[in-house]
Amino acid sequence: MRVERYTTDQEQEWNDFVRGSKNGTFLFDRGYMEYHGDRFIDASLVVRDQRGRLIALLPASRHEDVLISHGGLTYGGFVTGTQMTTRRMLDVFDACLEHVRQDQVDRLVYKCVPHIYHSVPAEEDAYALFVHDARLVRRDVSSAIDTRAPVSFRKGRHGALKRARRAGLCVEQVDQFDRFWPVLEENLVDRYGKKPVHTLDEITYLAGRFPENILLFECAEDSEVLAGTVVYISVNVCHFQYNGASEEGRRQGALDLVVADVIERFSSTHRVIDFGISTELDGRHLNGGLIDYKEGFGARAVNYDFYEMPISRDG
């Protein structure tokens with residue numbers, strides 16, 4: 001088994017492996033990972049068997065003496081193929097620890113790929129973390145719908161949908177992000193005091209690189225955007241990346257209409273509809289209003305876990 005630092009000449013091989021993996025998503029494509037490459041020191045690892053064949057990838061970034069998998073992504077554990085087994089993962093984990101130990105890394109922060117993104121069960125890494133006494137340091141709670149066994153919408157969500165439909169509102173998929181982004185930015189600042197992770201230029205660039213994976217749905221009235229959502233589409237999961245509505249849009253139930261439309265569109269083709277996390281302060285604070293809204297559509301808890309472990313220099 002051989003562990004190497006990823007280099008740009010391996011880009012195609014990396015991307016092909018991600019596409020054929022049992023737990024990779026387009027977020028691990030180098031074209032996505034490197035849009036913010038100026039803000040992160042890439043320290044991704046490539047693991048090969050004795051014949052030089054790829055058996056695992058670890059998207060990662062270096063932060064002084066800490067290795068994070070990956071600092072610019074929501075999740076980022078080992079990406080593996082269907083041939084990965086628990087015993088082999090223990091060997092992969094040991095080999096990678098030895099590699100980063102030699103690279104003067106003192107601490108590993110590991111973000112697991114949530115199970116909803118697995119095409120085939122892929123929690124071998126979680127067992128390896130346990131064996132190495134890694135400590136759970138953060139747990140963000142997301143909310144997801146299992147489209148094979150959906151839970152009914154709450155009464156409040158049905159009421160908002162009725163208002164929107166009585167007003168004659170409708171939802172369309174659009175290609176341009178410039179009308180929606182000011183609505184989103186104002187919504188996030190007013191309600192949460194935050195800005196979108198992506199700028200308008202960044203999301204436009206990424207949607208151009210991944211037109212089948214990054215989609216925008218809008219509800220507009222007289223050319224005015226009332227509400228919209230950006231969704232990230234993976235093999236198994238439709239993920240709400242950004243939701244936003246104007247004050248008038250909220251009054252008319254436009255965002256509920258957009259969300260319900262997306263759920264209906266993708267429930268027949270995707271196993272999970274994921275609303276994203278509702279936690280703050282490294283998972284210690286639950287935003288009750290936000291998660292109540294998501295659970296009103298029948299979504300229920302899925303955890304996004306972060307582990308941490310020291311890496312002893314003496315092995």
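Colleague: In this predicted model, at what angle do helix α5 and helix α9 pack?

Modeller: Helix α5 covers residues 155-166, and α9 covers residues 254-266. In the predicted model, their axes lie 8 Å apart. The two helices are therefore roughly perpendicular to each other, and the packing angle is about 100°.

Colleague: Which residues of α9 make the contact with α5, and how many residues of the contact are charged?

Modeller: From α5, the contact takes R157, A160, L161, A164 and R165. The partners on α9 are D256, L257 and A260. By class, the contact has 5 nonpolar residues and no polar ones, and the number of charged residues is 3.

Colleague: Which strands stand at the edges of the open sheet?

Modeller: The sheet is built from 11 strands with mixed pairing, in the order β2-β5-β6-β8-β17-β9-β14-β13-β12-β11-β10. Each edge strand has a single partner, so one side of each is left without a neighbour in the sheet. The edge strands are β2 (41-42) and β10 (172-174).

Colleague: What angle does the direction of α9 make with that of β12?

Modeller: Helix α9 packs on the sheet, where it touches β9, β10, β11, β12, β13 and β14. Of these, β12 (residues 224-233) runs antiparallel to β13 (residues 237-245), and 7 bridges join the two. Between the directions of α9 and β12 the angle is about 30°.

Colleague: Which element gives the largest share of the lining of the largest cavity?

Modeller: The structure holds 2 cavities of 30 Å³ or more, and the largest has a volume of about 70 Å³. Its lining consists of L45, L58, L67, F78, F93, C96, L97, V100, L108 and Y110, which divide into 10 nonpolar, no polar and no charged residues. The largest share, 4 residues, comes from α3.

Colleague: How many charged residues line the second largest cavity?

Modeller: The second largest cavity has a volume of about 50 Å³. Its lining is formed by R5, A43, L45, R62, L67, H99, V100, D103 and V105. By class there are 5 nonpolar residues and 1 polar residue, and the charged residues number 3.

Colleague: Which helix gives the most to the lining of the second largest pocket?

Modeller: This pocket has a volume of about 320 Å³. It is lined by 19 residues, with R19, G24, T25, F26 and V235 nearest its centre. The lining divides into 7 nonpolar, 9 polar and 3 charged residues. With 3 residues, the element that gives the most is helix α1 (residues 11-19).

Notes. Residues numbered from 1 in each chain as written. Predicted model: local features only at pLDDT ≥ 70, side-chain atom pairs only at ≥ 80, totals over all residues. Heavy atoms only, no water. Pairing = 2+ DSSP bridges. Contact = heavy atoms within 4.5 Å. Axes fitted to C-alpha atoms, helices over the stretch in contact; angles between N-to-C directions. 1 Å grid on protein atoms, 1.4 Å probe; cavity = no way out; pocket = protein on both sides within 12 Å on 5 of 7 lines; lining within 4 Å. Points joined across faces, edges and corners; volume = space filled by probe spheres on them. Nonpolar A, V, L, I, M, F, W, Y, C, P; charged D, E, K, R; others polar. Parallel < 35°, antiparallel > 145°, perpendicular 65-115°, else oblique.
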